[in-house]
Amino acid sequence: MQFFSDNAAPVHPKVMQAIADADSVDAPYDGDSYSQALDAAFGEVFETEVTALWVATGTAANALALAAMCPPHKGVICHKLAHIEQDECGAPGFYTHGAKLMLVEGEGAKVAPDSVTEALGAIRDDVHQVQAAALSITNASEYGLTYSAQETKALGDVCKAHGLGFHLDGARFANAVVSQHNQSGASPADLTWRAGVDALSFGCVKNGGMNAEALIFFGTARDWAQDTRYRLKRAGHLMSKGRYMAAQLLAMLRDDLWLDNARASNAGAALIAKAAGQRLLYSVHGNEVFLQLGPGEADALRAQGFDFYDWGVVTQQAGGQARFVASWNQDEAAVRPLADAIAAL
C-alpha cells in the first residue's frame, strides 16, 4: 500500500504499448518521426507554437531550462523549499556553470510577486552583487498548492518588468491543470505562456510515464531551444533512440491521458484529505496530502502496511508531519484502506 511517491507507480499500459509500437527502425537521436511530432502535439495542447524537447529526468529539464535563461554570473529567484534548491543535488548550478539560486519565502512553498520585487530591490546594481536573470516557480508547489492563472500572470508581469526569464517546474503540472480547471476553467495555456511563462518542465514520469519528461519553450523563448539542444547533448541527455521517449510523451497527450491520470490521482488525494480532517497542514489541490501525526501514529500506520514519507523530523515521542501521495493507478478501493486507517487514529 504505497503512498510514498507517485514515482513508485507503474507505467500506464497505453504508455507501455506506445513504447512497444515505437520498436521499429527509425532515425536515431531526435530525428525520428515521433520526436519530430512533439512540437505539433504540444502546440495543440497549449494552443500556440512551441518547441518541445524530451529529456530523461525532471532535474535535467529544470536545469537545462535555467541554463538557457541564466548565465553563470547571474542568479535564479526561487522559493527556499523549491525542488531545484532542496532536491536536485546542485544540478542547476552545475548546468548553469555556477549561477546562484536566490531564495525567497512564501506560504505553502509558493512565491508571491511582492517577495520577488523585494528580493530584486535588495540587489545593488553593481558588479559586486549577483544580478537576477530568472524566476522559477513550481506548479503544483512542494506542498501541493497550485498557482492560479492570475497568480502566475502577476509573477509573469514582474518578470517582464525586470527582464527576467520565467521558468515553471511542472513535475506535477497535470495535477495543477486539473485542479485549476475545476476551480476556474483555466487551460494549460492560461497557466503558462498566456501568463508570461517562457519555459515549462512538463512532468510525465510521476503521471504514468516511464523515463521521459518534456522541456517546452514558448514564444520568443523558442530561440533558446537550439542552444539547449547542444547543452542537452553535452550533458549526456541526447538518447540515441529518442523515439522511445517521444512515444511516451505522445501517448500521454493522446486523448488527454495525462489529464485523466491526474484526475485519478487528485481524486485519491481528496479522499485521504477528507478522512484527515483537522490533521491537514495545507489545502489539497493536487495529489499530495500533508498531515500532522501524533506520537506513535506514523508507526501505527506503517504497522498496517502503509508506506509514506516523513516530512521533516518525526519521533515516537512527539510525532511529526507526513506526506502521502496518491498515484494515477490507485482507485477508491486502493485508497480507502488508508483513509479509514487515518480516520481511526
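In this report a residue is called buried under 20% relative accessible area, exposed over 50%, and partly exposed in between, with a 1.4 Å probe and protein chains only. The structure is a predicted model, in which local features need pLDDT of at least 70 and side-chain atom pairs count only at pLDDT 80 or more, while totals for chains, interfaces and linings use all residues. Residues are numbered from 1 along each chain as its sequence is written, and side-chain values use heavy atoms, with hydrogens and water left out.

**Single residues in strands**

Val314 is partly exposed, because its relative accessible area is 27%. Val314 belongs to strand S9, where strands (E, at least two residues) and helices (H or I, at least four) are DSSP runs numbered from the N terminus. With contact taken as heavy atoms within 4.5 Å, and with residues up to four places away in sequence not counted, Val314 touches Ala298, Gly319, Gly320 and Gln321. Val314 and Asn7 are 307 residues apart in sequence, and their C-alpha atoms are 23 Å apart in space.

Ser201, in strand S6, counts as buried because its relative accessibility is 4%.

**Nonpolar cores**

A nonpolar core is a set of buried Ala, Val, Leu, Ile, Met, Phe, Trp, Tyr and Cys residues joined through side-chain atoms within 4.5 Å. The largest one has 59 residues, and those with the most contacts inside it are Phe42, Phe46, Leu135, Phe173, Phe202, Ile216 and Trp258. Helix H11 (residues 243–253) gives the largest share of this core, 9 residues. A second, separate core of 28 residues includes Cys70, Tyr95, Ala99 and Ala221.

**Helix H8**

Helix H8 (residues 149–162) has 14 residues and reaches 20 Å from its first C-alpha to its last, close to the 20 Å expected at 1.5 Å a residue; the expected span is 1.5 Å times one less than the number of residues. Which residues of H8 are buried? They are Ala149, Thr152, Leu155, Gly156, Val158 and Cys159. An α-helix has 3.6 residues a turn, so residues three or four places apart point the same way. The cover over the buried residues of H8 includes helix H7 (113–121), strand S4 (131–138), strand S5 (165–170) and helix H9 (173–184). Just after H8, Gly163 takes a positive phi of about 70°.

**Pockets**

On a 1 Å grid over the protein atoms alone, a pocket is an open set of points where a 1.4 Å probe fits, with protein on both sides within 12 Å along at least five of seven lines, and its lining residues have an atom within 4 Å of a point. A volume is the space filled by probe spheres set on the points, which are joined across faces, edges and corners. For the classes of lining residues, Ala, Val, Leu, Ile, Met, Phe, Trp, Tyr, Cys and Pro count as nonpolar, Asp, Glu, Lys and Arg as charged, and the others, Gly among them, as polar.

| Pocket | Volume | Lining by class |
|---|---|---|
| Largest pocket | about 720 Å³ | 12 nonpolar, 13 polar and 9 charged residues |
| Second largest pocket | about 210 Å³ | 6 nonpolar, 2 polar and 4 charged residues |

Of the 34 residues that line the largest pocket, the closest to its centre are His83, Asp87, Arg172, Lys206 and Arg323. The elements that each supply at least two residues of this lining include helix H4 (58–69), strand S6 (199–202) and strand S9 (309–315), and the largest share, 4 residues, comes from H4.

The residues that line the second largest pocket include Asp30, Trp54, Arg229 and Lys233.

**Backbone exceptions**

Most residues other than glycine have a negative phi, and most peptide bonds are trans. The peptide bond from Asn139 to Ala140 is cis, with omega near 5°, and Ala140 is found in the loop between S4 and H8. Tyr29, in the loop between helix H1 (13–21) and H2, has a positive phi near 60° and is partly exposed at 38% relative accessibility. Cys89 has a positive phi near 50° and lies in the loop between H5 and helix H6 (91–95); Cys89 counts as exposed because its relative accessible area is 84%.
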